[in-house]
Amino acid sequence: MLLRIDHIGIACHDLEATIALYQKTFGLTVVSREVNEEQGVREAMLHVADGETGGSYIQLLEPLGPDTPVGKFLASRGEGVHHVAYGVAGITEAMEEVAATGVRLIDKAPRHGSMNTSIAFLHPKDVGGVLTELVQAPERDS
Ligand code: CMX
Ligand code: CO
């Protein structure tokens with residue numbers, strides 16, 4: 001079911017400062033910046049590598065306010081790894097397969113993710129304490 005690690009989501013207080021840290025330390029390049037009001041985050045995707053099934057990224061997340069998923073995470077745990085996201089071929093099929101094992105889906109239907117992906121979150125309490133995201137890449141043109 002899982003094709004690759006698509007991205008690791010990292011929560012931070014200051015997006016620009018954290019982007020600068022990743023650029024300076026690893027030479028990573030920002031390939032997308034987005035404000036996602038629905039998720040309550042300002043985010044940047046930094047490209048790490050390309051594989052046969054698609055790219056892998058670091059996703060830096062700054063909350064739009066304290067009463068958002070990332071805002072609450074920062075308040076209780078501080079900066080650090082927030083979630084792990086796996087690439088899947090078909091998001092709806094992957095969600096059904098996972099739900100059939102008894103793991104709770106946070107999203108009942110796929111929603112919009114960075115770079116025109118379709119995403120769905122799985123409950124961290126059912127995945128060994130790890131907030132887990134499934135990602136389907138956008139359909140390619142041509
Ligand atoms: N990783 C692991 N555990 C987490 C977590 C995380 N990122 N976020 C919350 N939890 C745990 C908390 O530690 C807490 O555990 P305890 O009950 O043992 O204290 C429990 O989950 C509940 O936490 P909470 O702060 O009360 O938060 P909520 O229940 O309101 O929400 C969650 C938790 C995971 C359902 C919510 O954060 C969510 O829906 N997340 C998915 C959406 C999201 O994170 N979007 C931002 C990223 C967008 C993107 O990737 O593009
Ligand atoms: Co993500």
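The stops below go from the overall scores to the ligand, then to the helices, a strand and a loop.

Before you click on anything: this is a predicted model, in which local features need pLDDT of at least 70, side-chain atom pairs count only at pLDDT 80 or more, and totals for chains, interfaces and linings use all residues. Residues are numbered from 1 along each chain as its sequence is written, while chains are lettered from A and ligands numbered from 1 in the order in which they are written.

**Scores.** Color by pLDDT, the predictor's confidence in each residue, from 0 to 100. The protein chain averages 96, and 98% of the residues score at least 70. For the complex, the predictor gives an ipTM of 0.97 and a pTM of 0.97.

**Ligand 1.** Select ligand 1 and the 22 residues around it, counting a residue as near if its C-beta atom, placed from the backbone, lies within 6 Å. Those that come nearest are Gln-39, Pro-69, Phe-121, Pro-124 and Leu-131. Two or more residues each come from strand S3 (41-51), strand S4 (54-63), helix H2 (69-77) and strand S5. (Helices, H or I with at least four residues, and strands, E with at least two, are DSSP runs numbered from the N terminus.) H2 gives the most to this shell, with 5 residues. By type, the shell divides into 9 nonpolar, 10 polar and 3 charged; here Ala, Val, Leu, Ile, Met, Phe, Trp, Tyr, Cys and Pro are nonpolar, Asp, Glu, Lys and Arg are charged, and the others, Gly among them, are polar.

**Helix H3.** Now pick residues 91-99. Which residues of H3 are buried? Ile-91, Ala-94, Met-95 and Val-98 are. They share one side of H3, because they cover an arc of only 100° around the axis, taken from the directions from the helix axis to the C-beta atoms. An α-helix has 3.6 residues a turn, so residues three or four places apart point the same way. As for the cut-offs, buried means 20 or more other C-beta atoms within 10 Å of the residue's own, exposed means 12 or fewer, and partly exposed is in between, with C-beta atoms placed from the backbone.

The buried residues pack against strands S7 (118-122) and S8 (132-136). Ala-99, also in H3, counts as partly exposed, with 14 C-beta neighbours inside 10 Å.

**Helix H1.** Next, select residues 15-26. H1 has 12 residues and reaches 16 Å from its first C-alpha to its last, close to the 16 Å expected (1.5 Å times one less than its number of residues). The number buried is 1, so H1 lies largely in the open. Just after H1, look for Gly-27, with a positive phi of about 70°.

**Gly-87.** This residue is in strand S5 (residues 80-87) and is buried, with 21 C-beta neighbours inside 10 Å. Show its contacts (C-beta atoms, placed from the backbone, within 7 Å): leaving out residues up to four places away in sequence, Gly-87 touches Leu-3, Arg-4, Asp-6, Thr-53, Gly-54, Val-135 and Ala-137.

**The S6–S7 loop.** Last stop: Met-115, in the loop between strand S6 (111-112) and S7. Its phi is near 60°, a positive value in a residue other than glycine, and Met-115 is partly exposed, with 15 other C-beta atoms within 10 Å. Asn-116 is in the loop between S6 and S7 too, again with a positive phi of about 60°. Asn-116 is exposed, with 10 other C-beta atoms within 10 Å.

Definitions and conventions
Contact = placed C-beta atoms within 7 Å.
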